[in-house]
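Keep the viewer open as you read.

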Amino acid sequence: MYAWLTEALRDSSQVLTANRRLARVLASEYGRQRVLSGEKAWPSPLITSWQDWLTDLLATAEKQESLPTRINGHQSRILWERCLRREINDPLLNIGLLVRQSRETWSRMHEFCVSLDDCRGAAQGNDQRLFARAAQSYRSILDREYWVDDAGIADLVADLIRSGRVKVPARVSIAGFDRLVPQAKRVLDAACEKGMSIDAVRETTAKANGTVRAYDNTEAELRAAGAWARRELEEDPEQRIAIVATNLEQNAAHYGRLVREGFVPGWQYAVASHRSAVNVSYGKRLTDYPAVTIALLALRWLYDDLTGREVSLLLRSPIIGSRDTGGRARLELQLRQIPDRSWSPEMLLAELSDRESSADARDWIDRIRYLGGLRGELPRRDAPPSWAVVIDDTLTQLNWPGDGSLDSIEFQLINRWRELLNDLARLELVSPTLTIADVLSRVTAMAGETVFQPEVEGALVQLLGPLEAAGMEFDKLWVSGLTASNWPPAGRPSSLISMNLQRSRNMPDATPQDTLDYARRVLERLTTSTRNLVCSYPLTDGDAEQGASGLLQQYEYEQLSRSDDPGWHAATLTEAVPLTIVPADPIPTVAANEIISGGAATIQRQMTEPFAAFSFGRLGVKDIQPISFGLSASLRGNLIHDALRDLYSELPTRHDIASWHGDELDSRLAAALDKSFWRHMQNIDPVLRQLFRLEQQRAEKLLREVVALDSTRADFQIADVEGALQPTIAGLPLRLRADRIDRLSNAKIVILDYKTGSRKAFLGANGLPKDMQLVVYAVAVNADVSDLGLVNIDSRSTSIDGAGKQLTPSLDWDEVLASWIKLVEVAAAQIQRGDVRVNGMQNMQSARPLSLLSRIRELQHDN
């Protein structure tokens, strides 16, 4: 492989590559060749990417002081944004997208030597004329300030070579260029005039034997590609294997997972080396890395308030503060119980600072207190270098990126972040001062535009895009996604330059023929880069049927068996299983002093999923409530429960309740609601305060409906509201709290439970209670129970749904209640004995919350 490389580097010659990846590959290959030849030391090879070569030539130019100042891409973006905003005042326009399109068009104009006058003269339509005006403004800034951007570097180097201010090497070889643009030819022509010779590398002259395979869909195709790579490497571990995927840039993470699924089944729960065995050439944006996301989120708190979900991320993340997060996790659970709002550091400290005393929670609170203090001390405007120092110091104070040593990828990521801060400091050239909001908005945009691809060791298979594979050679190569709709890829001519002008300059995708010819050249290049080629395509993409690319007609089509696609590894874990699975681990019976959590809900869980009853009742597992902005349904329900408790705290009779009218009723309702709402009205913003006021008005109407309903019932006296019950049922001690117990005139009792969501029915179609909560209460009170009822409190209607002597007189109530109580006692006895059976028939959604504890998938697989 790369038999040409040694000759190309003879006598201090240089190799120029189309991209940095190829330069790294060739440098590594050159070292391997030297080792195989028996050498122990050799000069570093002069292998450089095109852009780095231009930078190196510029750095060696004579009279450096007379050269224009070079601006980077981030500085150029700011200038383009200003120029475009002068032309457009539409606040709804996506200026970021337009800036990117304008910069791409500006770069393409330079690559194909299109002058601004030509662009302006050929402009058709408002968009093209707007771009021409903005480009003229941009050019004027560069000329006035004596700056040069990345697009103009090649032209500057060509002029310097011709003027003799830059010395060129005697000989270079160029590799990996699918299309040598006129701007690059101009540089090379100037170098040739100064005596440099150029060799165009021909990687190989042999054409691979190619076959074509078709798969049901993209998932099956890429899994099969991964399995193919595994088989090939098992046969010969020294082979260089690569998979090229069209559209990799848009689907890099997804495609990487699919290839790993075939190459290393079960990689998700294997060691890190299994994941890195497949190296995806296209990296992720910096903002896709958790460390950067958390840093940007914490920094945003310097000028803006955060939502509860955002604060939750900062509380749970070990990337800031100490490595221990137990106390912070408890704080986060308490945060979920508080109505969400726009949290300032000061508001959060007032709400949470005294709620947790653990060391890690106190440490986190202290760091947020520092952040809040700094927020009030920042200057209104400052220079970008000063802001870069503030950002770095703030992250240091927050202990970012956390305790512990960094692995190789994390170390590279933090270094790339610091390079980004250096780029931020350089913005002073184009923006002398910025506000903290502007600077952090700019940093976020810069991080979102920066693609970071860490260097990893141990990769066995390369997953590449078609252009990234340019110049590389392989023992075996698989090219996927070659459907008629994907290859040739859709043309992308610039919409900001006249099509006539693009056609006259032979610019990319100016004509369908150019797109086709280019796709043919790329596929031909891939064919000649390997001894063995597999091409593939999916038969469907979503709901759309697909066919093979017309460029595959020269290859032989294979007939495949379905075993070629290994399928999803997870599917092997879902074989048929028994209805219930009894783990081998023995569980002790409930101890005399053991506290069972969850109350009646634990009994209900036992009847459907015993392991859930064990987890919630005996282990103390709790559901994590989602954070919702404003007033959650559970909070609204709690407010009404609390208000009803206070309204009926004097245990009135039905006659007493019916006598409440006018001012007395208004006064009683206002007192109960004020007491219920008061504790939630502290440390809140104006928006949330108004939501509480509206909710209080709604709650008043609902309470009036409950009073009206109670006034029409048969005589009763409220015996207890939210009274504590501590029964022992079948040896199982429980702690319960019933919403309300009424005593009838015949001394029998009615047990009621308030339901504030959608209307709930007490009985199911099978005649059994849908939830055994009220039956558990009936066992606990040890009294003659007349009725069990759900009080549905809703803005549409307030009514009681239940069963008993009054509510369902057709039932043999005593017999029915006794049978329900027997079910409760059986469930309680099972819990007391240590029942941890796992319901093997539950679906994934139901099993997921406890799957790590129950190991349901492993148990299903074993059974």
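This is a predicted model: local features need pLDDT of at least 70, side-chain atom pairs count only at pLDDT 80 or more; totals for chains, interfaces and linings use all residues.

You will find E722 in strand 19, which covers residues 716-725.

Although Y2 is not a glycine, its phi is positive, at about 50°. Y2 sits in the segment before helix 1 (5-8). With a relative accessibility of 1%, which falls under 20%, Y2 counts as buried.

Helix 25 (residues 633-647) and helix 28 (residues 686-711) have axes 10 Å apart and meet at an angle of about 50°. That angle makes helix 25 oblique to helix 28. Helix 25 passes helix 28 in a right-handed crossing. On the side of helix 25, the contact is made by L635, R636, L639, I640, A643, L644 and L647, while helix 28 brings F692, E695, R698, A699, L702, L703, V706 and V707. Sorted by class, the contact of helix 25 with helix 28 has twelve nonpolar residues, three charged ones and no polar ones.

What is the angle between helix 8 and helix 9? Helix 8 (residues 153-162) and helix 9 (residues 182-193) pack at about 15°, and their axes lie 9 Å apart. Angles under 35 degrees count as roughly parallel, and helix 8 and helix 9 are therefore roughly parallel to each other. The crossing of helix 8 past helix 9 is left-handed. Helix 8 contributes A154, D155, V157, A158, D159, I161 and R162, and these meet Q183, R186, V187, D189, A190, A191 and E193 in helix 9. By class, the contact of helix 8 with helix 9 has seven nonpolar, one polar and six charged residues.

The side chains of D155 and R186 meet in a salt bridge, with 3.5 Å from N to O. This pair links distant parts of the chain, with D155 in helix 8 and R186 in helix 9, 31 residues apart. R186 has a relative accessibility of 26%, so R186 counts as partly exposed. As background, side chains of opposite charge can pair when their charged atoms come close.

How many salt bridges does a search of the whole structure find? The search finds 65. Among them is the one between D742 and R740, whose closest N and O atoms are 2.9 Å apart. D742 and R740 are both buried. Another joins K755 to D753, with the closest N and O atoms 3.0 Å apart.

The bond from W400 to P401 is cis, with omega near 10°. P401 lies in the loop between helix 18 (384-397) and helix 19 (408-426). W487 and P488 are also joined by a cis peptide bond, and omega there is about 5°. P488 belongs to the loop between strand 13 (474-480) and helix 21 (499-504).

Our last stop is G121, which lies in helix 6 (residues 116-122). Its relative accessible area is 65%, so G121 counts as exposed. If you trace the chain from G121 to S498, you cover 377 residues, yet the C-alpha atoms of G121 and S498 are separated by 9.3 Å.

Methods:
Residues are numbered from 1 along each chain as its sequence is written. Side-chain values use heavy atoms; hydrogens and water are left out. Axes are lines fitted to C-alpha atoms, for helices over the stretch in contact, and angles run from 0 to 180 degrees between N-to-C directions. Helices (H or I, at least four residues) and strands (E, at least two) are DSSP runs, numbered from the N terminus. Angles under 35 degrees count as roughly parallel, over 145 as roughly antiparallel, 65 to 115 as roughly perpendicular and the rest as oblique. A crossing is left-handed if the near helix is turned anticlockwise from the far one by less than a right angle, and right-handed if clockwise. Contact means heavy atoms within 4.5 Å. Ala, Val, Leu, Ile, Met, Phe, Trp, Tyr, Cys and Pro count as nonpolar, Asp, Glu, Lys and Arg as charged, and the others, Gly among them, as polar. A salt bridge is a side-chain nitrogen of Lys or Arg within 4 Å of a carboxyl oxygen of Asp or Glu. Buried means under 20% relative accessible area, exposed over 50%, partly exposed in between (1.4 Å probe, protein chains only).
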